Amino acid sequence: MTEKISEETKDTLINKNEKDKIKVLVVNNKKDLLEGVIRNLDNHELFEIETANSAEQAKNTLKDSCFDVIVSDYELPTGDGLTFLEGLKTKSLKKHLILFSEKNRDDIVLKALKLGLWSHIYKENNPEVTYLKIAVAIQQAASNVKLLRMLKTVSYTHLRAHETV
């Protein structure tokens with residue numbers, strides 16, 4: 001026997017799915033990069049992507065919203081991605097941070113890794129390859145975010161079960 005799903009239950013399921021979306025902030029002033037990354041994301045409807053054209057705009061966006069993944073170009077109109085990431089770490093934000101830069105900038109990569117960088121991507125001569133690499137890094141970070149969410153849920157459920165015993 002099949003039961004009909006009530007409207008309230010449907011709303012709860014829809015809202016739950018909305019909460020499960022991976023929120024991504026892309027900090028870059030080039031529109032083609034965002035379009036290229038979205039084009040290369042598998043199941044892009046599972047992601048909620050916002051953009052910021054500069055580190056300053058990103059900081060303002062972060063005041064009002066929480067993101068699971070932050071992707072930043074090293075070269076930004078007002079400053080650089082490394083300084084932006086440093087600012088995030090001092091605010092104790094635990095995020096999946098992805099930085100991309102020109103090749104032969106190992107000094108940037110080393111500093112970024114010390115700041116807790118999730119992934120670094122070198123820009124390729126072919127922009128499509130760069131877009132694909134960034135999309136893959138976002139998807140890997142998203143898998144990790146989903147796993148962490150599941151672990152929190154299981155831990156919480158486990159703790160609640162022991163409280164009732």
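Thr 61 touches Leu 25, Glu 50 and Phe 67 (contact: heavy atoms within 4.5 Å), leaving aside residues up to four places away in sequence. Thr 61 sits in helix α3, residues 55-64; helices are DSSP runs of H or I of at least four residues, numbered from the N terminus. Thr 61 is buried, at a relative accessible area of 14%. Buried denotes under 20% relative accessible area and exposed over 50%, with a 1.4 Å probe and protein chains only.

The model is predicted: local features need pLDDT of at least 70, side-chain atom pairs count only at pLDDT 80 or more, and totals for chains, interfaces and linings use all residues. Residues are numbered from 1 along each chain as its sequence is written, and side-chain values use heavy atoms, without hydrogens and water.

In α2, the buried residues are Leu 33, Gly 36 and Val 37. They lie on the same side of α2, because they cover an arc of only 100° around the axis. The arc is taken from the directions from the helix axis to the C-beta atoms. The face turned away from this buried side carries exposed Lys 31 and Arg 39.

Leu 33 is also one of the residues lining the second largest pocket. A pocket is an open set of points on a 1 Å grid over the protein atoms alone, with protein on both sides within 12 Å along at least five of seven lines; lining residues have an atom within 4 Å of a point. Helices α2 (31-40) and α6 (127-163) each supply at least two lining residues. The largest share, three residues, comes from α6.

Definitions and conventions:
On a 1 Å grid over the protein atoms alone, a cavity is a set of points where a 1.4 Å probe fits but cannot get out, and a pocket is an open set with protein on both sides within 12 Å along at least five of seven lines; lining residues have an atom within 4 Å of a point.
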